[in-house]
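Please keep the sequence and the three-dimensional view side by side while reading. The paragraphs below lead through the structure step by step.

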Amino acid sequence: MFLFTVTKPGLRQAGALALCAVCLCGTVAAAVHFSGGAVTASAAAVPGIETTQDIGIYFTGYGFDTDLASAAVDKVKIPKKWDDSFAAFNQIVQESGLDLADYKGKTVEKWTVLCPQLSTGDHDTYCVLLVYKAKAVGAYLLQKPSGEVTGLITAAKAGAEAASEEETVEISADTYPEE
């Protein structure tokens, strides 16, 4: 047989612990209730970038198909001091919800994958993802040979507008017979 005595300070500690547990359970229940179980698909949902399939999944989240067979990876260093052109480049990267400011002076992996849907006979468009320790830190589109850099959101919106224009069919009034 065990005997357990509770003193006044011990009772207070047990009560405070129980109150904290109830508050924590209530917070979790409220978060689950108010989230409504709705989860939006986003490229940011990729937990870690380790393989070319992860790169493909990341860009598919923005609506870009990629040719994973063309994947190439290089190491690049983010400069410690930025000039105006690199600051402008970072603004394009920020459009995708990422920021290079925390990675000044760091060496990152630069994954480059061909995007056939945006490539033409005159130029090729590549999806570029900058990865630091299996985490996406920068993303943009690169046109070669011009070197033009475009943000992912801008390109996705332009692609959606172009697709909607292609689906719009104009029918002449002369097409319908008059009664």
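What follows is a guided description of a predicted model.

The pairing of individual strands may now be followed in more detail. Strands β1 and β2 are joined in the antiparallel sense over 7 bridges. Within this pair, Asp74 stands opposite Lys110 in β2. Strands β2 and β3 are likewise antiparallel, and their pairing runs over 6 bridges. Trp111 has Leu129 in β3 as its bridge partner, and Val113 stands opposite Cys127 in β3.

The next topic is charge. Side chains of opposite charge can pair when their charged atoms come close. How many salt bridges does the count give for this model? The count comes to 1 salt bridge. The side chains of Lys75 and Glu109 form this bridge, with a distance of 3.8 Å from N to O. Lys75 belongs to strand β1 (residues 67-77) and Glu109 to strand β2 (residues 107-114), so the pair ties together parts that are 34 residues apart in sequence. The two partners may also be described by their accessibility. Lys75 has a relative accessibility of 61% and counts as exposed, whereas Glu109, at 25%, counts as partly exposed.

Leaving aside neighbours within four places in sequence, Glu109 is in contact with Val73, Asp74, Lys75, Leu129, Leu130 and Val131. The side chain of Glu109 is also joined to that of Trp111 by a polar contact of 3.1 Å. Between Glu109 and Val137 the C-alpha atoms are 9.8 Å apart in space, while the two residues are 28 residues apart in sequence.

Attention now turns to the nonpolar core. The largest nonpolar core has 31 residues, of which Tyr58, Phe59, Phe64, Leu100, Leu129, Leu130 and Leu152 touch the most other members. Which elements each supply at least two residues of this core? They are α2 (52-60), α3 (84-94), β2, β3, β4 (135-144) and α4 (152-167). Not counting residues up to four places away in sequence, Phe64 touches Phe59, Cys115, Gln117, Leu118, Cys127, Leu141, Leu152, Ala155 and Ala156.

Ser119 is located in the loop between β2 and β3 (124-132). Which backbone atoms does the side chain of Ser119 reach? One is the backbone oxygen of Cys115, at 3.0 Å, and another is the backbone nitrogen of Thr125, at 2.9 Å. With neighbours within four places in sequence left aside, Ser119 is in contact with Leu114, Asp124 and Thr125.

Terms used. Residues numbered from 1 in each chain as written. Predicted model: local features only at pLDDT ≥ 70, side-chain atom pairs only at ≥ 80, totals over all residues. Heavy atoms only, no water. Salt bridge = Lys/Arg side-chain N within 4 Å of Asp/Glu carboxyl O. Helix = DSSP H or I, 4+ residues; strand = E, 2+ residues; numbered from the N terminus. Buried < 20%, exposed > 50% of the residue type's maximum accessible area, 1.4 Å probe, protein only. Polar contact = N/O pair within 3.5 Å; in protein donor to acceptor, adjacent residues only side chain to side chain. Contact = heavy atoms within 4.5 Å. Core = buried A, V, L, I, M, F, W, Y, C linked by side-chain atoms within 4.5 Å. Pairing = 2+ DSSP bridges.
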